[in-house]
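Visitor: Hi, I have a structure open here and I'm new to this. Could you walk me through it?

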Amino acid sequence: QVQVAESGGGKVQAGGSLRLSCAASGSVFSIDRMGWYRQAPGQAREFVATITTRGRTNYADSAKGRFAISSDNAKNVVYLQMNNLKSEDTAVYYCNVALSVGMGYDDYWGQGTQVTVSS
């Protein structure tokens with residue numbers, strides 16, 4: 001079993017910053033990557049950023065230049081520093097943990113943390 005827990009969400013004014021954290025625990029023996037996705041009301045869940053255990057990062061265009069993903073592999077923790085937040089960043093942010101299994105991956109998700117940006 002793998003448990004994924006996010007923290008750090010909240011309310012902030014436009015232009016402000018928030019830092020999200022996510023910790024994976026349990027049977028996390030072969031993490032390939034960790035990352036963040038978000039889902040706004042009435043919209044599909046969308047990719048925000050990922051980081052592999054080797055430190056390779058990938059960002060959505062909407063996150064480039066404003067968000068920074070980092071991780072602590074020893075602690076199985078991933079962070080998302082969000083700066084210059086905009087109202088369109090309002091969403092529930094979900095942490096994703098991808099474990100290598102054979103030739104594929106098993107994905108695990110947290111419960112999500114709400115980020116609300118007021119204009």
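Guide: Let us begin with Ile-69, which, leaving aside its neighbours within four places in sequence, is in contact with Met-34, Gly-35, Trp-36, Ala-49, Thr-50, Ile-51, Thr-57, Tyr-59, Val-78, Tyr-79 and Leu-80. Contact here means heavy atoms within 4.5 Å. Before going on, please note that this is a predicted model, in which local features need pLDDT of at least 70 and side-chain atom pairs count only at pLDDT 80 or more, while totals for chains, interfaces and linings use all residues. Residues are numbered from 1 along each chain as its sequence is written, and side-chain values use heavy atoms, with hydrogens and water left out.

Visitor: Okay, and where is Ile-69 placed? Is it buried or exposed?

Guide: Ile-69 sits in strand β7, where helices (H or I, at least four residues) and strands (E, at least two) are DSSP runs numbered from the N terminus. Ile-69 is buried, with a relative accessible area of 7%; buried means under 20% relative accessible area, exposed means over 50%, and partly exposed is in between, using a 1.4 Å probe and protein chains only.

Visitor: How far is Ile-69 from Met-34?

Guide: In sequence Ile-69 and Met-34 are 35 residues apart, and in space they are 9.5 Å apart, taken from C-alpha to C-alpha.

Visitor: And what about Thr-50, where is that found?

Guide: Thr-50 belongs to strand β5 and counts as buried, at 11% relative accessibility. Leaving aside its neighbours within four places in sequence, Thr-50 is in contact with Met-34, Gly-35, Tyr-37, Arg-56, Thr-57, Asn-58 and Ile-69.

Visitor: Let's zoom out. How many residues are in the largest nonpolar core?

Guide: The largest nonpolar core has 30 residues, and those with the most contacts inside it are Trp-36, Leu-80, Met-82 and Tyr-93. By a nonpolar core we mean a set of buried Ala, Val, Leu, Ile, Met, Phe, Trp, Tyr and Cys residues joined through side-chain atoms within 4.5 Å. At least two residues of this core come from each of β1 (2-7), β3 (18-26), β4 (31-39), β5 (46-52), β7 (67-72), β8 (77-82), β9 (91-101) and β11 (113-118).

Visitor: Which strand gives the most to this core?

Guide: That is β9, with 5 residues.

Visitor: New topic: how many aromatic pairs are there?

Guide: The structure holds 2 aromatic pairs. Rings of Phe, Tyr and Trp (its six-membered ring) pair if their centres lie within 6.5 Å, and planes under 30 degrees apart count as stacked, over 60 as edge-to-face and the rest as tilted. Phe-47 is partly exposed, with a relative accessible area of 26%.

Visitor: What does Tyr-37 form with Trp-109?

Guide: Tyr-37 and Trp-109 form an edge-to-face aromatic pair, at 5.1 Å centre to centre and with 70° between the planes. Here too distant parts of the chain are linked, since Tyr-37 is in strand β4 and Trp-109 is in strand β10 (residues 104-109), 72 residues apart. Trp-109 is partly exposed, with a relative accessible area of 36%, and Tyr-37, Phe-47 and Trp-109 form one aromatic cluster.

Visitor: Which ring does Arg-19 lie over? And Arg-45?

Guide: Arg-19 lies over the face of Tyr-79, at 4.0 Å from the ring centre, while Arg-45 lies over the face of Tyr-94, at 3.7 Å from the ring centre. A charge sits over a ring if NZ of Lys or CZ of Arg is within 6 Å of the ring centre and within 35 degrees of the ring normal.

Visitor: Last stop: where does Asn-76 lie?

Guide: Asn-76 lies in the loop between β7 and β8, and at 19% relative accessibility it counts as buried. Phi of Asn-76 is near 55°, a positive value in a residue other than glycine.

Visitor: What is phi near in Asn-84?

Guide: Phi of Asn-84 is near 50°, again a positive value in a residue other than glycine. Asn-84 lies in the loop between β8 and β9 and counts as partly exposed, at 43% relative accessibility.
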